[in-house]
Amino acid sequence: MYKIAVLPGDGIGPEIVPEAVKVLEAVSRRAGIEFQFTEALVGGAAIDTRGIALPPETLELCRQSDAVLLGAVGGPKWDTLPPAERPETAALLPLRKELGLYANLRPAFLYDSLVEASPLKKEIVTGTDLIIVRELTGGLYFGAKKREQTAGGEMAYDTMYYSRAEIERIVRLAFAIARQRRCHLTSVDKANVLTTSRLWRDTVEDIKGEFPEVTVEHMYVDNCAMQLVRRPAQFDVIVTENTFGDILSDQASVLTGSIGMLPSASIGGAVALYEPCHGSAPDIAGQQKANPLATILSAAMMLKYSFKMDQAAAAVEAAVGRVLARGYRTPDLYVPGTQLVGTAEMGQLVRRELEEG
Ligand code: NAD
């Protein structure tokens, strides 16, 4: 039996998360493994009810669970709060920190039937199947920072800091993931300019001997940004530091047709967190227009990474592929000639495919 903390959050969160939960229930029936779901408040919904974006009981529930499924947080209603109290900063960052989640995994996989939905030409984007492993708790976002008035005018700085130990653990994880895929790792840095990048590159070189089956290449981040749109199929696993990973993973997200298709996993601690890459999409919330597939695919990542149920994860991914191949589309993916469906209907179609497949 696995305990799963369910945090729907804000905006479209309460529409998409239940669809992923129902898919997990279908998996549980097939596999004969019990999942126990417990729901809790997070983000704006928690601010409204409890006055705080990450209530202690929510954090405690996450700590006591085997995995966490999150929707999204934030929205215009809470945008006027001071930055430190807003759902994104006051819920997501502490949650990742408290759970010790130092690695963010973002696969970008293009389903054949969605080739036309990608902004890139078919011949360029076909075959895209990569995963970005982003360092999540170090670097520029967490180093010393300051903004102040000086005699020479206003100034500001941020500091990019990495220890060898921080780099080693994320790089080893990326090698291990590459070993289970197509055995190719691209380490992305800016070693021609940044000292942290030179330490990063040296660390990768020192570790690569532990994974002789994996081929490694180093790529500058600016070149990687270009290669992602020129020849995305060349990549298998990309590992990079926090800021570069933040930017590259959003860039990679558009390759697959819609941000509504992109799952993610944040791992590294005892309890991992699974959530779609997108936000709370307030513009379409409450209208059954949201694509639940990113959340359903995040649940598939949970099966794979937290519960080691690789076959069940593959079955969910295949069910999603079959639903798309049969022409069903939420509005974000719709093109004439396909069948438009809402959030709940898309979830139901995936469950049916899973049960029949
Ligand atoms: P967003 O990802 O919520 O939306 C961007 C665009 O993508 C919108 O047009 C939206 O309708 C569309 N979209 C997003 N998810 C979709 C889905 N599943 N199906 C169909 N269309 C989808 O980003 P934003 O508009 O910049 O942010 C909205 C709010 O979400 C903000 O408050 C932001 O801070 C927050 N946010 C939260 C997270 C998170 O919880 N991890 C991440 C990013 C943004």
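At what angle do helix α8 and helix α9 pack, and how far apart are their axes? In this predicted model, local features need pLDDT of at least 70 and side-chain atom pairs count only at pLDDT 80 or more, while totals for chains, interfaces and linings use all residues. Residues are numbered from 1 along each chain as its sequence is written, and side-chain values use heavy atoms, without hydrogens and water.

Helix α8 (residues 221-230) and helix α9 (residues 242-253) pack at about 10°, with axes 10 Å apart; axes are lines fitted to C-alpha atoms over the stretch in contact, and angles run from 0 to 180 degrees between N-to-C directions. Helices here are DSSP runs (H or I, at least four residues), as are strands (E, at least two), numbered from the N terminus. The pair is therefore roughly parallel (angles under 35 degrees). In contact (heavy atoms within 4.5 Å) are Val221, Cys224, Ala225, Leu228 and Val229 of α8 with Phe244, Leu248, Gln251 and Ala252 of α9. By class, this contact has 8 nonpolar, 1 polar and no charged residues (nonpolar: Ala, Val, Leu, Ile, Met, Phe, Trp, Tyr, Cys and Pro; charged: Asp, Glu, Lys and Arg; polar: the others, Gly among them).

Helix α9 also turns up in the lining of the largest pocket, where α9, β3 (67-72), α4 (87-98), β4 (103-109), β11 (263-267) and β12 (272-276) each supply at least two residues. Helix α4 gives the largest share, 5 residues. The lining as a whole divides into 9 nonpolar, 9 polar and 6 charged residues.

How values were computed
Parallel < 35°, antiparallel > 145°, perpendicular 65-115°, else oblique.
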